[in-house]
Amino acid sequence: MGSTLVAWLSGLDIPQLERVLAARADAVSPPEPRSFGELADRLQRPASVALVLPGLALPHLQVAEALAVLGPAPRAALVDLLGAEGAESARGLDAALGALADHALVWPDGEGLLRMAAPLRQAWDSPLGLDAPLAQLLADTTSEELRRMLVALGVQSPGNARQQRLTALVDHHSDPGRVAEVVAGAPAAARELLERRAHSEGEQPGFPTEFILGVPQADSEPGARWALERGLLVQDRHRYGPARMPAEVALVLRGADWHAPFEPAPPDVRTASVTSADVDREAAAAATAFAAHAASVLATCSASPPALLKSGGVGARELSRIGKAAQCGDMVVRLALETAYAAGLLARDGSRAAATEGYDAWAEREPAERLTVLLQAWRTLPLTPTQSRDEDGKALPALAGTAPCGGCVRARDGLLAAAAQLPADRGVTDPTELGALVAWFRPLAHPLPQDTTPFATVVREAELLGVTARGALSPIGAALKAGDAEALTAACQRLLPTATRTARFGADLTAVVTGTPSAHLAALLDAVADREVGGTASVWRFGPGTIRRALDSGRTPDAVVADLAAVAVGALPQPLSYLIHDTARRHGRMRIAPAACVIHGEEPALLSELAAHRKLADLGLRQLAPTVLVSRTPLDKTLAALRAAGYAPVAETADGAVRVERTRRHRAAAPVPSPRPPGGAPARRDPSARPAEASATVDLSSLATRLRAAPPTTPEPDPGNGIPFDTDTEEIVAGYARLLSLADVRQLAHAIDEGRPITIEYVAASGNRTVRTLSELDLDPPHLYAWCHLRDDERVFTLSRIHGVMPG
């Protein structure tokens with residue numbers, strides 16, 4: 001097959017070859033291939049083919065699946081199987097074949113046949129619900145068995161050689177007329193069985209199987225023996241289970257009217273007329289609102305970094321706090337946090353998610369530049385940022401560090417492709433209908449469990465960001481689809497207004513800012529007022545508490561008035577000026593001094609002496625009244641220092657009574673008996689006891705065998721405890737699962753290396769602790785892919801969240 005691909009590649013012209021290289025950039029990355037043979041080898045690697053499949057549309061996959069059934073076949077056979085006789089279907093088939101050829105997955109050879117890359121054929125266990133061809137199913141059948149099948153069919157054996165008889169049987173079953181004639185003359189039970197098996201498309205073919213002494217009886221159902229004798233069903237010798245129906249027989253029995261599914265055109269959706277001005281206006285409103293909300297969310301996180309859960313991520317309580325402060329919903333908060341984290345504006349700092357230095361520069365930019373950064377991060381996010389529920393319906397935190405999800409990226413690709421394919425000046429009347437188009441353009445994308453309609457979450461995200469508006473693709477979305485950073489920047493600058501640097505102050509003690517406030521204006525108003533409304537227009541409200549907050553931060557009333565007047569449209573309202581100065585007059589009437597203890601007495605001269613004593617300066621004494629001192633040092637240390645300096649103070653209790661000091665006797669705690677190992681034997685042996693009994697239990701032969709099998713050099717010790725790792729897997733697991741003991745690390749690494757089941761104590765992203773039994777372990781740090789027996793499904797586990805390991 002490689003030679004035919006080489007011949008096809010060598011016959012392409014320059015534009016065609018450029019399309020193939022662009023579509024399969026993963027396979028032609030440096031070092032560059034030096035020949036068509038090397039290029040063909042790279043294009044047919046299973047890993048390279050697997051990267052292409054998620055980006056194919058539904059008709060592309062349907063054509064590839066049909067060709068996987070036919071094998072190398074002419075285009076006419078493919079047309080017949082798909083039922084693509086009409087003009088629209090023919091155009092769709094040509095478009096699908098062209099797309100597959102651009103990816104070097106399907107190509108025509110010099111004999112008029114369509115061939116496909118071998119790894120692509122392996123993408124389906126049973127394409128179109130069909131089993132393997134007859135020749136493959138009869139690979140282990142003896143020549144005598146083939147002769148008996150030919151006799152039962154009434155076909156004369158062409159010779160004694162096994163291959164001759166197999167060829168004759170394959171030729172017979174490939175003829176629809178002859179197979180139909182044989183089935184027409186079958187007993188009623190056999191005919192009903194064959195018809196049912198042929199039409200069980202997409203299901204696991206089978207019928208009740210009886211076991212006698214562990215041997216499956218394939219002919220237990222009426223009619224099965226008759227079909228087995230004629231090769232219409234074939235019993236697999238290497239596995240238990242029902243007999244298998246060859247693909248040629250199933251296709252004949254499905255009838256000439258049956259065709260493989262083929263949807264060359266996307267599903268119909270309801271559309272309405274929409275002008276580019278309408279799209280721009282709505283996209284601008286959505287993008288402006290999100291830019292303002294994102295700035296508020298990140299400003300809140302900068303002032304008060306959200307705490308992370310022990311299991312990782314920002315929990316519901318912190319999300320609610322941020323949303324309340326920024327005046328936006330949970331979905332917007334999650335979207336802003338995830339995109340900002342991906343853009344490097346937020347980072348984990350111990351137990352909190354704090355703003356980075358990059359945030360300070362980002363906050364000073366214009367709204368269009370801010371939004372561009374977040375949009376580029378959203379386009380490549382390996383997850384759906386607003387996913388709030390897992391497959392079990394449990395709440396998920398934000399910034400949880402979930403495993404990368406290629407299907408989430410493909411859902412975004414499908415949405416942009418679907419919106420771009422809508423007719424000009426038309427938009428879907430209901431944005432949720434875009435989900436059906438996403439499923440057509442990217443059938444391998446993953447909808448979320450929380451979606452009430454297909455891909456509802458990603459569609460809503462696109463609306464919030466201004467990527468789609470009025471059911472159509474906006475200029476922002478078009479630039480994202482093209483991957484053009486300059487066009488994206490230009491679209492954002494055209495749609496979003498510049499930052500607002502002034503505010504309108506009202507007599508009702510409010511400040512209104514239209515558009516997105518600048519970083520300086522937002523910081524000033526946040527310092528002296530409370531934000532009530534955010535979005536395309538933001539509202540702050542002043543009050544005695546907000547002014548007092550500004551004065552507490554060190555601002556003077558004149559400085560507050562001057563700062564507000566500098567950003568005001570017109571003069572400041574008189575009620576606001578009165579509020580500032582009235583609050584300032586009452587500010588600081590009472591003062592609170594820090595004190596660890598209080599010293600008081602009846603002699604002012606003595607207390608003045610203590611306050612001026614140089615040797616007592618470290619106590620931090622301060623005289624508040626002639627007979628009162630406060631100390632920054634705790635009572636016991638102050639008492640000891642005064643007595644060491646020659647004074648005779650006494651201590652008081654909290655109620656003012658003199659504290660009586662009694663000498664306490666110090667006694668050791670009762671000895672704790674040493675722990676005993678299982679079986680009741682003492683943990684420590686008497687030094688006088690003879691160790692003969694212990695040494696007798698050691699198997700010297702097995703010990704020597706283990707030592708001989710050990711590596712000649714001692715592994716590098718674990719820096720944490722000095723104990724060496726036995727395998728590389730242990731070292732990898734220990735590097736990520738830092739909460740596990742060395743014994744648990746070794747038990748988990750052994751299960752991974754030996755392919756054995758294991759039971760773990762796991763803390764999910766939602767914070768819930770569960771016990772899971774896992775098998776089919778596949779280590780891909782920092783994640784562990786395994787089959788979860790609790791959920792009966794393949795799941796991804798983060799090594800750092802494994803808190804315990806037990807035998808499976």
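Biologist: Where do I start? How many helices and strands are in the chain?

Modeller: Start with the inventory. The predicted model has 35 helices and 22 strands in its chain. The chain has 808 residues, and 43% of them count as buried.

Biologist: Now helix pairs. What describes two packed helices?

Modeller: Two values: the angle between their axes and the distance between the axes. Take α5 (residues 58-70) and α6 (residues 75-82). Their axes come within 10 Å and cross at roughly 115°. The range 65 to 115 degrees counts as roughly perpendicular, so α5 and α6 are roughly perpendicular to each other. The crossing of α5 past α6 is right-handed.

Biologist: Which residues of α5 and α6 make the contact?

Modeller: From α5, Gln 62, Val 63, Ala 66, Leu 67 and Leu 70; from α6, Ala 77, Leu 78, Leu 81 and Leu 82. Sorted by class, this contact has 8 nonpolar residues, 1 polar and no charged.

Biologist: Give me a second pair. At what angle do the axes of α21 and α24 cross?

Modeller: At roughly 120°, with the axes within 10 Å. Here α21 spans residues 406-420 and α24 spans residues 475-482. The two helices are therefore oblique to each other. Is the crossing left-handed or right-handed? For α21 passing α24, left-handed.

Biologist: What meets what between α21 and α24?

Modeller: Leu 416, Ala 417 and Ala 420 of α21 meet Gly 477, Leu 480 and Lys 481 of α24. The residues of this contact divide into 4 nonpolar, 1 polar and 1 charged.

Biologist: Last topic, the backbone. What should I expect of phi and of peptide bonds?

Modeller: Most residues other than glycine have a negative phi, and most peptide bonds are trans. Look for the departures. Leu 128 is not a glycine, yet its phi is positive, about 60°. Leu 128 sits in the loop between α8 (118-121) and α9 (134-137).

Biologist: Is Leu 128 buried or exposed?

Modeller: Leu 128 counts as buried because its relative accessibility is 4%. Compare Asp 425. Asp 425 also has a positive phi of about 60° and is not a glycine. Its place is the loop between α21 and β8 (426-428). Asp 425 has a relative accessible area of 51%, so Asp 425 is exposed. The cut-off for exposed is over 50%.

Biologist: And the peptide bonds? Which residues does a cis bond join?

Modeller: Pro 781 and Pro 782, with omega about 5°. Pro 782 is in the loop between β19 (769-780) and β20 (783-788).

Technical notes. Residues are numbered from 1 along each chain as its sequence is written. This is a predicted model: local features need pLDDT of at least 70, side-chain atom pairs count only at pLDDT 80 or more; totals for chains, interfaces and linings use all residues. Side-chain values use heavy atoms; hydrogens and water are left out. Axes are lines fitted to C-alpha atoms, for helices over the stretch in contact, and angles run from 0 to 180 degrees between N-to-C directions. Helices (H or I, at least four residues) and strands (E, at least two) are DSSP runs, numbered from the N terminus. Angles under 35 degrees count as roughly parallel, over 145 as roughly antiparallel, 65 to 115 as roughly perpendicular and the rest as oblique. A crossing is left-handed if the near helix is turned anticlockwise from the far one by less than a right angle, and right-handed if clockwise. Contact means heavy atoms within 4.5 Å. Ala, Val, Leu, Ile, Met, Phe, Trp, Tyr, Cys and Pro count as nonpolar, Asp, Glu, Lys and Arg as charged, and the others, Gly among them, as polar. Buried means under 20% relative accessible area, exposed over 50%, partly exposed in between (1.4 Å probe, protein chains only).
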